[in-house]
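Here is a short briefing on one protein model. The points are grouped by topic.

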Amino acid sequence: MTTSARTATSFQQRIETREARIGIVGLGYAGLPLALAFAEAGFPVVGIDLSDGRVQAVNDRRSYLVDVPEERYSGIEGSLTATTDYSAIADLDALTICVPTPLSKTRTPDLSFIISAAESVAAHLQPGQLIILQSTTYPGTTEDVVLPILERAGGRAGRDFFLGYAPERVDPGNRTWNLHNTPKLVAGVTPECRARTEAVYGTVVNDIVPLSSTTVAETAKLHENTFRAVNSALANELALMCDKLGISAWEVIDAAASKPFAFMPHYPGPGLGGDCIPVVPHFLSWRLREYGYTSRLIDAAHEVNSSMPGHVIQKVADALNDHGRAIKRSRILLLGMAYKADVHDTRESPSLEIFRQLQLRHADVRYCDPWVPVLDIGTERHLSVAWTPDEVRNADCIVMLTPHREFLEDPHWHEARLIVDTRNVLPAGQGVWPI
Ligand SMILES: NC(=O)c1ccc[n+]([C@@H]2O[C@H](COP(=O)([O-])OP(=O)(O)OC[C@H]3O[C@@H](n4cnc5c(N)ncnc54)[C@H](O)[C@@H]3O)[C@@H](O)[C@H]2O)c1
């Protein structure tokens, strides 16, 4: 990077003229679409990832994510290269960190990826560079964790380098809301840090929402996902209550949703999945425990949502029992292992837990998922069976878990003996058990 990039004016100019070189650390679900968006906007972009496979795939213009079709590479006006070598940072004007932030089994945030990425960035930090954290994380991470790492290497934020936070809000598989038309929350550890972060994202996102601090931006992201988790828990609890009342939770929710204000429908299902909604609220509750505060709604929502796979198993047991059978030795076909329709992602998918629990009860379990041809559960590898009338006919019980379009476009329901429907995709009737 040239020293001219140090002043605010020259930074803005380099953004406007697309001379600024942009880096993305972590080329996953969040980082790769962002790298492509900047390259499409005309910037020279460098992706940095520890995975040789992903780096090679980007350099070969091969797709490895469902949301990134290979055709996207042909629309690049700037350039996109990838490397495993952090020394590439030395040439950059701005860099976004999009590395994973998992939770441990005890629901403690694992910041090791952020810390490792920040340390690698710090080792190559240049005067005037803008570093933006985009990973989802607990309130205070940017200022308490990333800032000290960078300041140890590069002087003062807002003067010698710049640090912002701009959380990822993408919803994989969503065809309406994408990176460009989903407003971007943007904050900085100083006003100049925020202004530079706004300038960078303003080139690829239509609407920027500037915030007063990185802690507000971190917490806003967690609140969005907590809203989903708590409302999903409400819908799941309604399903459990309607089950006892003998009425359809979906009919109740649709009736409530006819009110044109103050109601946003959420629907029941087999449990929460994906690496955001089931995980992210715990960043907030974990952080608040340090202040002696217990987040009651987050904990209650987790309890209800994580009970749903067990409820589905009970439904399977009841449905089979009604037909004079036990789970043991019954042939059970699970439809959909991805956590939601029309994506490949099985992270945190409740279907995995349902598969495991049925195996423990000695069922003959198989699955069909056109989006997940191979599935590793523990040390076992399973292959998807084909979506055929024979598979449906030969199952003692079918469990609809993920309503992929293939199942709905080519239904073989009339061949089924018994269906437990966790998604309300089948009309209630003989042989169909709603959850
Ligand atoms: N996936 C989503 O839909 C989504 C949505 C909202 C927010 N997020 C958040 O975005 C962040 C990234 O998630 P993701 O889904 O893109 O993860 P991912 O696992 O798909 O990709 C992360 C990438 O980072 C790379 N990586 C890990 N450590 C690295 C390091 N030190 N240096 C360079 N590369 C490194 C990995 O090899 C991987 O390619 C997380 O905080 C996640 O919570 C994701």
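Domain bounds here come from an automatic or database domain assignment. They divide the protein into domain 1 (3–212) and domain 2 (261–278 + 307–434). The model is predicted: local features need pLDDT of at least 70, side-chain atom pairs count only at pLDDT 80 or more, and totals for chains, interfaces and linings use all residues. Residues are numbered from 1 along each chain as its sequence is written.

**Domains**
- The centres of domain 1 and domain 2, taken over C-alpha atoms, are 37 Å apart.
- Four residues from domain 1 and six residues from domain 2 make the contact (C-beta atoms, placed from the backbone, within 7 Å).

**Sheet**
- Eight strands form an open sheet with mixed pairing, in the order β3-β2-β1-β4-β5-β6-β7-β8 (strands, E, are DSSP runs of at least two residues, and helices, H or I, of at least four, numbered from the N terminus; two strands pair if DSSP finds at least two bridges between them).
- β3 (79–83) and β8 are at the edges with a single partner strand each, so one side of each has no neighbour in the sheet.
- β2 (residues 44–48) pairs with β3 in the parallel sense over five bridges.
- V46 stands opposite T81 in β3.

**Helix α6**
- In α6 (residues 191–201), the buried residues include C193, R194 and Y201 (buried: 20 or more other C-beta atoms, placed from the backbone, within 10 Å of its own).
- Their cover includes α1 (8–16) and β4 (94–97).

**Ligand**
- Of the 26 residues around the ligand, G26, G28, Y29, A30 and S135 come nearest (near: C-beta atom, placed from the backbone, within 6 Å).
- Helix α4 (residues 112–124) gives the largest share of this shell, three residues.

Conventions
Contact = placed C-beta atoms within 7 Å. Buried ≥ 20, exposed ≤ 12 C-beta atoms within 10 Å, placed from the backbone.
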